[in-house]
Amino acid sequence: VQELIGTEADGIIGPVTLGVINRVPQELLFNAVKSVRESFYFNLAYKDASQNVFLRGWLNRLKQFSFQS
């Protein structure tokens, strides 16, 4: 998330990170996180063909997440 919002990616969710998260349009952030997650799954399967068997399930679960305002 820190990389997506342009803050220092230090793994610490402090006041600066929270401040930016709270100012970003939430649906935009949600969709960006979801997109990064999808890419992560595809990269896992690409790098290790044995993971292809799980790809459809991962993507199906990801599709179940939807933005709720």
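Accessible areas here come from the Shrake-Rupley method with a 1.4 Å probe, and for residues only the protein chains shown count as cover. On that basis the protein has an accessible surface of about 5500 Å², and carbon and sulfur atoms hold 56% of it.

Some ground rules. This is a predicted model, in which local features need pLDDT of at least 70 and side-chain atom pairs count only at pLDDT 80 or more, while totals for chains, interfaces and linings use all residues. Residues are numbered from 1 along each chain as its sequence is written, and side-chain values use heavy atoms, with hydrogens and water left out.

The fold has 4 helices and 0 strands, taking helices as DSSP runs of H or I of at least four residues and strands as E runs of at least two, numbered from the N terminus. In sequence order that reads α-α-α-α.

As for dimensions, the C-alpha trace spans about 40 × 30 × 15 Å along its principal axes. Of the 69 residues, 22% are buried, where buried is under 20% relative accessible area, exposed is over 50%, and partly exposed lies in between (1.4 Å probe, protein chains only).

Now the patch. Which residues make the nonpolar surface patch? They are Val-1, Leu-4, Val-33 and Val-36, and the patch is about 300 Å². Patch residues have over 30% relative accessible area and no salt bridge; like charges are joined within 9 Å, and nonpolar side chains (Val, Leu, Ile, Met, Phe, Trp, Tyr) within 5 Å. A salt bridge is a side-chain nitrogen of Lys or Arg within 4 Å of a carboxyl oxygen of Asp or Glu. Val-1 sits in the segment before α1 (2–5) and is partly exposed, at 48% relative accessible area.
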